Amino acid sequence: MSFVHAVAQPLAHAATPRRRECLVLAVLGALLAAALAAGLAFGGVHIPPSAWLTAATGGHDLHSGILVGIRLPRVLLGGLVGAGLALSGASMQALFRNPLADPGLTGSASGGILAVVAGIVLLSRADGGAGAGWGLYTLPAVAALACCLTTVLTYRLARDAGGHVGIASLLLAGIGINALAMAAVGLFVTIADDGQLRSIQFWMMGSLAGADWVAVAGTLPALLAASLLLVRRTRALDAYTLGESEAFLAGVDTAALKRGVIAATALAIGAAVAFTGLIGFVGLVAPHCARFLGGQRYSFVLPASGLIGAALVILADAVARVAISPAELPIGLVTSLLGAPVFIALLRRGQRP
């Protein structure tokens, strides 16, 4: 019996949908706790849970420095980013009524990546390669700002003469902005040297190597605000999945819903891209896993997606650190390798009669 069947079968026989949702959320909470423990324990230096208390109180200098100064902010940042990407993905799939929608559909992620790639190339050229030092926090700030500005540009391009923003227009505007941004990224990649190309590769495939307490402090408020904006709209998202006209007839302010979801997604993507680069697949796969396990109601899908996304990114980072130690794999590569088999297994299970 596979892991997916072992988890899914007892949940499928739960007495009521609400009870099943509660059971799934409890299981996912336990999964996240296990992922946090694995993220703290595994790496270049193994620190077992029995040594955590001694390390946290400064009883072991090496373990204290690694656990408190490196791994704890790293797993916290990974959890925050994973949850933010998953929540954004679930909301965008509802807004576009398309299961293939992901958080970067409005071009926000591409705008952030363009800002970072341009900064890596241009800053190094401007000061003879010394830009990496003062760009440590400048690049994340510029990336977050670029994500938000790109989203605003996409929204304005999608607005018609009457001020109405249709979902199809928003999708097409996002495709255009994505194509333009990635063309500019390709231009900068062409003129980058070998060292710049390596930095660009890690930004475009995601990495938690630069995680510290400043990154956690910078990401936490943005992702909390984005999560609150989205969680307050669960009933509206449920109505919107039936169609924009049906949602409007049900009393949903569809224009405000679109603005709210897009703004929250831009905030989450901006915070994530600013400190970790582009971590793909999480925003697409986590909502699908949540729906397969517990149902379609967004009061369940959003928190379940957040838990799955957080656990997936933390586990992927742990694997990225130990797979080819002392070097690291790009985390986006590992999220795809870990998430794709689970996603395919759930998809196959859902296709059975």
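Mentor: Keep in mind that this is a predicted model.

Trainee: Where do E328 and R74 lie?
Mentor: E328 is in the loop between α14 and α15, while R74 belongs to helix α4, so this pair ties together parts 254 residues apart in sequence.

Trainee: And is E328 buried or partly exposed?
Mentor: Partly exposed, because its relative accessibility is 24%. R74 counts as buried, at 6%.

Trainee: Which other residue does R74 form a salt bridge with?
Mentor: With D317, where the closest N and O atoms are 2.8 Å apart. That one also links distant parts of the chain, since D317 sits in helix α14, 243 residues from R74.

Trainee: What about D317 and R321?
Mentor: They form a salt bridge too, with 3.2 Å between the closest N and O atoms. Both residues are buried. Salt bridges with shared partners join R74, D317, R321 and E328 into one network.

Trainee: How many salt bridges are there in the whole structure?
Mentor: A search finds five.

Trainee: New topic: how do α2 and α4 cross?
Mentor: Their axes come within 9 Å and cross at roughly 145°, and the crossing is right-handed.

Trainee: Which residues make the contact?
Mentor: L36, G39, L40 and A41 from α2, and L67, R71, L72 and V75 from α4. By class, that is six nonpolar, one polar and one charged.

How values were computed. Residues numbered from 1 in each chain as written. Predicted model: local features only at pLDDT ≥ 70, side-chain atom pairs only at ≥ 80, totals over all residues. Heavy atoms only, no water. Axes fitted to C-alpha atoms, helices over the stretch in contact; angles between N-to-C directions. Helix = DSSP H or I, 4+ residues; strand = E, 2+ residues; numbered from the N terminus. Left-handed = near helix turned anticlockwise from the far one by under 90°. Contact = heavy atoms within 4.5 Å. Nonpolar A, V, L, I, M, F, W, Y, C, P; charged D, E, K, R; others polar. Salt bridge = Lys/Arg side-chain N within 4 Å of Asp/Glu carboxyl O. Buried < 20%, exposed > 50% of the residue type's maximum accessible area, 1.4 Å probe, protein only.
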